[in-house]
Amino acid sequence: MKLTLWTYEGPPHVGAMRVATGMKGLHYVLHAPQGDTYADLLFTMIERRGHRPPVTYTTFQARDLGGDTANLFKDAARDAYARFKPQAMIVGASCTAELIQDDPGGLTEALGLPVPVIPLDLPSYQRKENFGADETFFQIVKTLAKPMARSEAITCNLIGATALGFRHRDDVAEVTRLLSLMGITVNVSAPLDATPADIARMGQAHFNVLLYPETGETAARHLERACGQPYTKTVPIGVGATRDFLHEVAGLTGLSAAVDESGLRLPWWSASVDSTYLTGKRVFIFGDATHVIAAARIAATEIGFTVVGMGCFNREFARPMRAAAKAHGVEPLITDDYLEVEAEIERLQPELILGTQMERHIGKRLGIPCAVISSPVHVQDFPARYSPQMGFEGANVIFDTWIHPLVMGLEEHLLTMFREDFEFHDAAGASHHGAKAVARAEPEDAGGFTPPAPPVGYLEKEEGEQGVAVLGEPVWAAAAERELKKIPFFVRGKAKRNTEKYAADRGVAEISVETLYEAKAHYAR
Amino acid sequence: MSLDLPPTLASGGCRTSPVLKERGQREVFCGLTGIIWLHRKMQDAFFLVVGSRTCAHLLQAAAGVMIFAEPRFGTAILEEKDLAGLADANAELDREVARLLSRRPDIRQLFLVGSCPSEVIKLDLARAAERLSGMHAPHVRVYNYSGSGIETTFTQGEDACLAAMVPTLPSTTARELLVVGALPDVVEDQCLSLLDALGIGPVRMLPARRATDLPAVGPNTVFALVQPFLGDTHATLTRRGARHLAAPFPFGEEGTTLWLRAVAREFGVDEATFDRVTAAPRARALKAIATQSAELRGKSVFFFPDSQLEIPLARFLARECGMTPIEVGTPYLHDALHGPDLDLLPAGPTISEGQDVEKQLDRQHAAKPDLTVCGLGLANPLEAKGFATKWAIELVFTPVHFYEQAGDLAGLFSRPLRRKALLGKEVAQ
């Protein structure tokens, strides 16, 4: 039993729904109790889909449990076929149905439906959403895709895009465009927008492009074995990775990797002098491993940030995450407990978080700007405009998205110089953000510095620490507190932490203004 | 006799209409969803769901905006090893609860909330709650109820929660009014001030904002429900000797007036006082509804089952906004609770209980209603087909009760129609 407040991933059957909802002509019959239909709203509300997910829920109730839930499933499967006439069906159980062991696969087989029926075995109490998507797509491919003659022209399949994916729609479009620059056409892109009939002709492609290892790697490996199709290992997120990807494709096809880069703006936007202030800004990166590893490379080598921490919630990718973290000289944080992530962010006091919707909330609470780079996603991560993460346009989008949460360069200088101006003060936030600037209230007590309230996540009080938290810790002298308040908000948290650590390490009981500046000099980069 | 409830309609209303009972796929939330508002209403309570990753994911998705400001709910996720042996699961639960309470000393009430998997593996949360209450008394009281989808639909979660509290409430012989059902704080205050102005008191609330404010109950307690989904709570209060004041629910000017009348009559409030206290807010409510109802008058409405608010809301839309209900679907129909509203709902609409969502969608498509009230899973797909929809969860998450919210309530229904008119007939999808 594990106490969870918020989860990075849903259960595995939600992963299966991401595959089914992304595809066309496929229907999912899910043995599930009332209430599991909540998952529909992920697609209809968050992703704004204009159709219901192609999922039939058997909706068993307590009174059915002693009786015949198996027949309920058979009726639901039969009715779903008759109503929707899919080209293929997937059948499986949600967490509760897994416990009653009705064997949806066997039950559907007995119906003798005239289309392929693919049973899913998704262990709800061991695995999670990404596994569910990866395994479901693998089972569909294994059942439907067969070796066949290669297409005359050089073609490839794009693998891994699903419904509810972070920018999957636009990544598929961008990578399709990128490959067309090399003279390669896309045979099938799947699961997103593919039909079972499309899956059946995947074998025609010369090679596969694995866009999202989290949701497509098992299928890509299978196709490599079963259909002799090699697959690309580089995920083209960022300028360097996109170029590496083009070279990898060139290696597989013998085509030239030299393509028109005239639309690529990130390198100049980064090199132009306005971006100087970005140098060495400390970033913490968290999300799914693929996006985090790509983001760390962009942050360090294409924007000039310093990566102070990185990690992922999907343990399946712990190994590549460790390797990447080592390359950036940091310890990876591999956890699906958001309280641990919050504690780490609080400890590191980065200037920018690149994370998921969870880290966006953490950042909001800690007063640290955040840009979203990975699932889990929310409605605002499905913009109306074209905004891929992959390819050269993706790199442009990333530059804009990551810089936006920060205070602008010149503004940062002015805030540092005139931070006590009553109209132009740091509590008003960045000037290009929507929130209304609030005139600063004069402090009632000139010496009354109130440190920002600590986050009240209940991980705060670990056993044994309760009630004695302040004992032995340095206290702030009034003058030092006032001085601390003069430090701009975007670095104040870090300055406070550093000074306290500096004082504690040296046994300084009371932090004076001198201690503050000694610490500043000590930690100066 | 102006304090009497109005006689039933000449046409007989809908109370005796045949009910279409359906069984099939239900496009509804389970009872766990109630935690989203209950944990805010009860400020010293924590809701610990004993369930699966699906339960945790549901709460996160249903909360929609993922309210990160210190949620007072969480999920103890059952893992493979918990399913192997029950003794183990109990020990794990004790450990998680002890950790939780040591980190949150402000928690005075802990609800262990059963889920589909905990029910199926027959994890005895009632005994666990008893054991844990013993361990953490007197500081924390531990309750348990089931919010599982195999037993509860959406708002029934609140019913199960309140029903679980009733047996533990202290006894009293005092003659008191108990107002039952979670209301937004602003509405609760309005309700209390109206009752106070009528000279009715003392008034107690269930749920209370804090454990120390919990009401007592006994044979001289009379209770009025402000939510139409509290069937089990009604039954448990009745078992404690309390008496129910049947009335239409306080939605709209008429509903609020009739609800207050039922209470006023019980407490012997004279007509002059009643009129004096209600005249101004009634006039305000009528004026506010009139502004909104211009767009609703003559339009048809179709309710998918969702929160059990459907019958009283259909009554409000039909009688106060001039709409024509085509079908009024509700997850469950309770005669004792919904009867007074059914009496007032003009005969005509199909009253349906339960759901087979595919068949109901067929009926909805055929009926082509001007407005469809449905859950979040159906709203955008129906909009994409050209139907105007009102997503029902907003009716639960918005202050809609009593006089001052009557115009807002009508506005929730008129806004989708107004928006559709603004955006023209072309649908983007």
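In which sense do S1(A) and strand S3 of chain B pair, and over how many bridges? S1(A) and S3(B), residues 73-77, pair in the antiparallel sense over three bridges; two strands are taken to pair if DSSP finds at least two bridges between them. Within this pairing, the bridge partner of A:Leu3 in S3(B) is B:Ala76. Strands of a sheet pair through backbone hydrogen bonds, either parallel or antiparallel.

The model is predicted, and local features need pLDDT of at least 70, side-chain atom pairs count only at pLDDT 80 or more, and totals for chains, interfaces and linings use all residues. Residues are numbered from 1 along each chain as its sequence is written, while chains are lettered from A and ligands numbered from 1 in the order in which they are written.

Between the two chains, 51 residues of chain A are in contact with 54 residues of chain B, contact being defined as C-beta atoms, placed from the backbone, within 7 Å. On the side of chain A that touches chain B, at least two residues each come from strand S1 (2-4), helix H2 (40-46), strand S3 (55-57), helix H3 (62-65), helix H5 (95-100) and helix H16 (357-366) of chain A. Helices (H or I, at least four residues) and strands (E, at least two) are DSSP runs numbered from the N terminus. H2(A) gives the most to this side, with five residues. The residues of this side comprise 21 nonpolar, 19 polar and eleven charged; Ala, Val, Leu, Ile, Met, Phe, Trp, Tyr, Cys and Pro count as nonpolar, Asp, Glu, Lys and Arg as charged, and the others, Gly among them, as polar.

Chain A contains 21 helices and 15 strands. Of its 525 residues, 48% are buried. A residue is buried if 20 or more other C-beta atoms lie within 10 Å of its own, exposed if 12 or fewer, and partly exposed in between, with C-beta atoms placed from the backbone. Among the contacts in chain A with a separation of 6 or more, 71% join residues 24 or more positions apart.

In chain A, three strands form an open sheet with parallel pairing, in the order S7-S6-S8. Strand S7 (185-191) and strand S8 (207-210) of chain A stand at the edges with a single partner strand each, so one side of each is left without a neighbour in the sheet. The twist averages 25 degrees from one strand to the next. Strand S6 (residues 155-161) of chain A pairs with S7(A) over six bridges in the parallel sense, and A:Leu158 stands opposite A:Ser189 in S7(A). Helix H8 (residues 168-181) of chain A lies across S6, S7 and S8 of chain A and runs at about 160 degrees to S6(A). Axes are lines fitted to C-alpha atoms, for helices over the stretch in contact, and angles run from 0 to 180 degrees between N-to-C directions.

The largest nonpolar core has 255 residues, of which A:Ile285 and B:Leu48 touch the most other members. Such a core is a set of buried Ala, Val, Leu, Ile, Met, Phe, Trp, Tyr and Cys residues joined through C-beta atoms within 7 Å.

A:Gly263 lies in the loop between helix H11 (239-253) and helix H12 (266-271) of chain A. A:Gly263 counts as exposed because 11 C-beta neighbours lie inside 10 Å.
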